[in-house]
Amino acid sequence: MSFITVYCHIDENSCSVNGETVLQKNEESSDSWFKQLYKDLAIEYPKFYKMDMLSQAGFIGSELIKRANPDLISNYNDDEIALLFANSESSADTDIRFKESYLDKKTPSPSLFVYTLPNIVLGEIAIRNKWFGENMFAVLPKFTPDFFVQYGMVLLTTGSKAVLAGWLGILEGRVEVFLFLVETESNKGEPFDIENIIKYAGF
Amino acid sequence: MIYIGAEEIISPLGQNMEENFQAVCENRSGVSLIPHAGFNDESIHLSKITSISSQNKFEYLLIDILENVLKQIDPQIVSSKKTIVIVSSTKGDLDRNISSPFTDSIAAFAKYFKLANEPLVVSNACISGVLAINAAGNFIKTGLYDHAIVIGCDVISDFVLYGFQSLFAVSSTPCAPFDANRNGITLGEGCSAVVLSNSKEIFKKTSFQLFTGRSANDANHISGPSRTGEGLFRSVKKTLEQNQISVDEIDFISAHGTATIFNDEMEAIAFDRLEINDKPLNSLKGYFGHTLGAAGVIETAISIQMMRNNLLVKSLGYKESGTSKTLNIATENKSSELNTILKTASGFGGCNASLVIRKL
């Protein structure tokens, strides 16, 4: 059996873990919404500022999941946590900005270009945590619980012991982020099935 | 057992598998100097398909490749509920809709063939193709599907070319994987397919056995290869262990070999750590350019053709050793009994993947 042990939501102005609000966007702040969330995490990770929105979203979500489950790092070997992410826009949010860099600003930006692949966020999370496990990024027409269950089960039967999964809907200011942690060696949480993913996702 | 076969390729080297493999056997390259292609209007070496007009090229390639595949298998499986189509691609049809680069093309493709299940798009940088084949094999193993069609496709765009130019990663000459004078990638475009099944009866020609492999992240850098080859080392090690294959059984390595200084060096280090650096090895980028999300499928298709023909194809562009660890790079075509092939891939985001194919 495997279980969803932690889940996390971020939208345009609020963030919650296991359904409980962690932070609401302060409209008066000069910081971006994701920067407010980063500061609230109270961690030192300057690489965060170089990341694009997609990577920042995945990074914040994964840090919140770790905070809710501090044993996550110590319970598993460095290659036992798989990363399974998807969205329907790929890296479009940064693709649009990179295209502007060569069309409007006449200088293709290398620092934007390196973020024009959706799986870069998996690399950022892997680097942060020194996780050498499995990676998969899929682009789906819409949020598809079946995909997460099907591929999640594949991962859990081929050597991974936990799956950090997520839907990262980031495009031109729209934020629809849902991350969840699936663990096999656990005695808490709800069963990892389509019904519970739909329930926790809420969209 | 997972069977794999019905391999097909569309590239500048030909419209089908036969034409492509013939060209590769003759050591012909699809790479040519394209005038005014670069950001500053400079001429750039590319492996570009000129037979299809640029509009909706991605969609046409998906349809054309599956038409090719249909001639190689029981055509009824395509629209079966027990069949999944997996498309591996980095950028899809970016020029058609930058905000949703796959939606229109994939929907049109699915409708054209009346697919029962929505295709899955794997977009995991340059390991997309190998990862998609492994995912397909695992879906069949778990009983979710009986058959899978994996299609790798990427087309050249200003977007991707200008991006690699901005990283100073584009070679001034046709790319030379693993060579001492290599200085970057040559971009390519192409489309390739393989079919996987739990039944060998669906294939009109001989099929092969697929041993699905593992992926591993370097956990090191988002755009620079690991200095120790850690992710590739781990991926191959796990793939061999999981399938109980010893290194002695590997006859050949179809490497990634992008021809950047650091990627090829990283691969050499990983293969040395795995103690497989004496195995005959090639990179096919000299023939097809770097086709990104299509590369893993194209290179798997050529590997299968090499096994069918017992012909080890030379690594085009290679002249003298240019990595700190010595590799056994194929410098000539050579008749050779090829029973077991290891295919590897590595990409941005620090990802690595591998698989093994064996003659039955």
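This is a predicted model: local features need pLDDT of at least 70, side-chain atom pairs count only at pLDDT 80 or more; totals for chains, interfaces and linings use all residues.
1. The predictor gives the complex an ipTM of 0.97 and a pTM of 0.98. For chain B the average pLDDT is 97, and 100% of the residues score at least 70.

2. How is chain B divided into domains? The domain assignment gives domain 1 (3–174 + 187–202) and domain 2 (211–358). Taken over C-alpha atoms, the centres of domain 1 and domain 2 of chain B are 20 Å apart. Between them, 48 residues of domain 1 of chain B are in contact with 41 residues of domain 2 of chain B.

3. Which elements build the domain 1 side of that contact in chain B? At least two residues each come from strand S1 (3–10), helix H1 (17–25), helix H4 (128–141), strand S6 (147–154) and strand S7 (190–197) of chain B. H4(B) supplies the largest share of this side, eight residues. The side of domain 1 of chain B that touches domain 2 of chain B has 23 nonpolar, 21 polar and four charged residues.

4. Eight of its eight residues are buried, so S1(B) is largely enclosed by the rest of the structure. S1(B) runs antiparallel to S7(B), with six bridges joining the two, and Gly5(B) stands opposite Val195(B) in S7(B). S1(B) also pairs in the antiparallel sense with strand S8 of chain B (residues 208–211), over two bridges. In that pairing, Ile4(B) stands opposite Phe208(B) of S8(B).

5. Seven of the eight residues of S15(B) are buried, so the strand is largely enclosed by the rest of the structure. S15(B) pairs in the parallel sense with strand S10 of chain B (residues 252–254) over three bridges, and Leu342(B) in S15(B) is the bridge partner of Ile253(B).

6. S15(B) is also joined by eight bridges to strand S16 of chain B (residues 351–358), and the two run antiparallel. Here Ile341(B) stands opposite Ile357(B) in S16(B). The hairpin of S15(B) and S16(B) has three residues between the strands, and in this hairpin Gly349(B) takes a positive phi near 85 degrees.

7. Turning to a helix, H9 of chain B (residues 295–309) has 15 residues and reaches 21 Å from its first C-alpha to its last, close to the 21 Å expected at 1.5 Å a residue. H9(B) is mostly covered, with 13 of its 15 residues buried. Just after H9(B) comes Asn310(B), which takes a positive phi of about 45 degrees.

8. Most residues other than glycine have a negative phi. Ser90(A), though, has a positive phi near 55 degrees. Ser90(A) sits in the loop between strand S4 (81–87) and H4 of chain A. Is Ser90(A) buried or exposed? Ser90(A) counts as buried, because it has 30 C-beta neighbours inside 10 Å and the cut-off for burial is 20 or more.

9. His36(B) is another residue other than glycine with a positive phi, in this case near 60 degrees. The place of His36(B) is the loop between strand S2 (32–34) and strand S3 (44–46) of chain B. His36(B) has 9 other C-beta atoms within 10 Å and is therefore exposed, since 12 or fewer is the cut-off for that label.

How values were computed. Residues are numbered from 1 along each chain as its sequence is written. Chains are lettered from A and ligands numbered from 1 in the order in which they are written. pLDDT is the predictor's confidence in each residue, from 0 to 100. Helices (H or I, at least four residues) and strands (E, at least two) are DSSP runs, numbered from the N terminus. Two strands pair if DSSP finds at least two bridges between them. The expected span of a helix is 1.5 Å times one less than its number of residues. Domain bounds come from an automatic or database domain assignment. Two residues are in contact if their C-beta atoms, placed from the backbone, lie within 7 Å. Ala, Val, Leu, Ile, Met, Phe, Trp, Tyr, Cys and Pro count as nonpolar, Asp, Glu, Lys and Arg as charged, and the others, Gly among them, as polar.
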